[in-house]
Amino acid sequence: MNFDQIPDGWVNKALLILLVIVVALVVRWVAVRAIRLGTRRALDRARHHKTTNRAGRLIAAVTGADDERYAQRAATMGSVLRSVAAVAIVTITVLTILAILDVPLGPLLATAGVGGVALGFGAQSLVKDFLSGMFMIMEDQYGVGDIIDTGEVSGTVEEVSLRVTKLRDPGGQVWYVRNGEILRVGNQSQGWSTAIADVPIGNDEDAAQAVTILQAVADAVGRDEQFADILIEPPTVVGVDSVTATGTTLRIIAKTGPNQQWGVKRVLLQRSLEALGEAGYRGPAMPGMAVPPV
């Protein structure tokens with residue numbers, strides 16, 4: 001092939017195209033580095049804010065779940081942002097090369113614009129799902145293993161993707177909830193949980209003495225070694241919670257690790273009833289029935 005027969009204009013265009021490709025590769029490399037650094041810093045700040053209190057530090061140290069969720073979020077957000085950057089850079093590069101080759105871009109852009117509008121109307125719910133999923137993951141609103149309430153359904157999170165969240169309710173049924181349809185989220189597993197034990201006694205019983213007995217039970221549970229890694233704060237008797245025509249309810253609360261409140265609640269109830277029974281306390285009276293023991 002005789003290169004002398006190639007017009008100078010084509011040589012210049014080839015050099016321009018090569019320059020555009022090189023610039024595109026450099027921009028992509030810079031964008032990937034910036035995305036990786038920005039994502040890491042944003043998630044580091046979120047993790048720092050999450051673990052500044054005693055509960056967060058204890059949970060992160062005991063379970064190690066914070067590091068795992070951090071890695072998942074970093075990988076997901078980095079992948080999404082890198083894909084978006086790659087698509088944008090490739091699109092701009094192709095359009096620039098077409099312009100260098102004197103390809104008319106007006107009809108092409110007009111067609112793409114009309115197609116984009118039509119696609120936007122048809123896929124706006126999909127775009128909404130993806131955007132909501134991105135913010136949910138970046139803000140760490142919930143993660144795998146959390147117990148959440150989305151308004152329509154409650155359950156344990158089994159999978160979180162950019163489009164849907166997979167939940168399993170207490171009955172074992174699996175729900176697929178679109179992220180764009182989640183308007184509010186109640187997370188029972190983020191940070192810490194509260195065990196609430198309500199102990200009923202009769203209205204004619206000495207409530208003040210009962211509070212003393214229950215506080216001794218709460219202190220004993222707080223010293224129990226089996227709850228050393230579960231309790232974040234020792235159980236506390238807050239006192240009388242409610243009074244009805246049949247009885248009085250005393251309440252004990254305890255701050256626990258996430259999703260650990262149920263076992264603590266059962267132990268507090270069991271030991272409280274045993275202690276009150278040994279002290280001779282009787283339970284609330286039912287109309288027309290004898291007063292039962294606690």
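Which residue in strand 8 is the bridge partner of Val-199? In this predicted model, that partner is Leu-250.

## Overall composition

The protein chain contains seven helices and eight strands. Of its 294 residues, 30% count as buried. The chain exposes about 17500 Å², and carbon and sulfur atoms supply 62% of that area.

Contacts in the chain can also be described by sequence separation. Among those between residues at least 6 apart in sequence, 63% join residues at least 24 apart.

Three strands form an open sheet with antiparallel pairing, in the order 6-8-7. Strand 6 (193–201) and strand 7 (236–243) each have a single partner strand and stand at the edges, so one side of each is left without a neighbour in the sheet. From one strand to the next, the twist averages 30°.

Strands of a sheet pair through backbone hydrogen bonds, in either a parallel or an antiparallel arrangement. Here, strand 6 and strand 8 (residues 248–256) pair in the antiparallel sense over nine bridges. Val-199 has Leu-250 of strand 8 as its bridge partner.

## Helices against the sheet

Helix 6 (residues 207–223) lies across strand 6, strand 7 and strand 8. Relative to strand 7, helix 6 runs at about 140°.

Helix 7 (residues 261–278) also packs on the sheet, where it touches strand 6 and strand 8. The direction of helix 7 makes about 25° with that of strand 6.

Notes: Residues numbered from 1 in each chain as written. Predicted model: local features only at pLDDT ≥ 70, side-chain atom pairs only at ≥ 80, totals over all residues. Heavy atoms only, no water. Helix = DSSP H or I, 4+ residues; strand = E, 2+ residues; numbered from the N terminus. Buried < 20%, exposed > 50% of the residue type's maximum accessible area, 1.4 Å probe, protein only. Contact = heavy atoms within 4.5 Å. Areas by Shrake-Rupley, 256 points an atom, 1.4 Å probe, with all protein chains shown as cover. Pairing = 2+ DSSP bridges. Axes fitted to C-alpha atoms, helices over the stretch in contact; angles between N-to-C directions.
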